[in-house]
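Work through the exercises below with the sequence and the model side by side, and try each task before reading its solution.

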Amino acid sequence: MEFSHKSIDKLGKRLVVNENDDDLNLLQEYRKTFEKPLQNVFSIISQIYRKDCIFAFRIKRLDSIIRKLRRFDNNSGKKMVLSRMVDIAGCRCIVESKSKPDLKQKNIVKRINERLDIVDARNYLDGKDSGYKAIHLYARECEKQIEIQIRTKSQHNWATLVEIIDLLFEKKTKEGEQAGPLNEFEILFSKVGTLSDN
């Protein structure tokens, strides 16, 4: 199925207001258009470092896409159009190296830049307000943008901890929800030098 930017954005606007089976089916078809570009990008980045790294990929769930559209629609001054949502498909590279993982993380970024058409990069190594740390690259492949997250194992462990806390306490930290002491704990914990299982 072919999608124009205009038809994708109209679909996104309808989903902000209401969900129906027809539009959910269309969104599912749109998600499928990311499969091949995502496989291509994953194949390339997983060849860069086979040692000391874990690679994974995913396509954003329907409910996550819709929540993101609604979250931006409800924030004054911010709009998210579906055709420009850059994290529908993504890969993750987790650097496991015990020796200078931050340096290896930057080296992986350099090598990805040499192999893929990177159209944007976001460096969160100093930490977002939530405490999240990583490097995000956005590769153009087959007219799609694919997000690539590069994290150290410590950064990944922190993000996993936040996801578990969100699940247990029915929060949505990744979506900007604040929850007092829990958020303070997560931010403090992100400043710990190493979160590892050693």
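This is a predicted model: local features need pLDDT of at least 70, side-chain atom pairs count only at pLDDT 80 or more; totals for chains, interfaces and linings use all residues.

Residues are numbered from 1 along each chain as its sequence is written, and side-chain values use heavy atoms, with hydrogens and water left out.

**Exercise 1.** Determine how many disulfides the structure holds, and examine Cys53.

Solution. Begin with the criterion, which is a pair of cysteine sulfur atoms within 2.5 Å. The structure holds 0 disulfides. For Cys53, which is in no disulfide, the nearest cysteine sulfur is that of Cys93, 4.0 Å away. Cys53 is also buried, at a relative accessible area of 11% (buried means under 20%, exposed over 50%, partly exposed in between, with a 1.4 Å probe and protein chains only).

**Exercise 2.** Find the salt-bridge partner of Arg14, and state whether each side chain is buried or partly exposed.

Solution. A salt bridge requires a side-chain nitrogen of Lys or Arg within 4 Å of a carboxyl oxygen of Asp or Glu, and the structure holds 11 of them. Arg14 pairs with Asp23 at 2.9 Å, N to O. Arg14 is partly exposed at 36% relative accessibility, whereas Asp23 is buried at 5%.

**Exercise 3.** Describe the salt bridge between Arg67 and Asp63.

Solution. First take the distance: the closest N and O atoms are 3.1 Å apart. Next, Arg67 is partly exposed, with a relative accessible area of 28%, and Asp63 is likewise partly exposed, at 35%.
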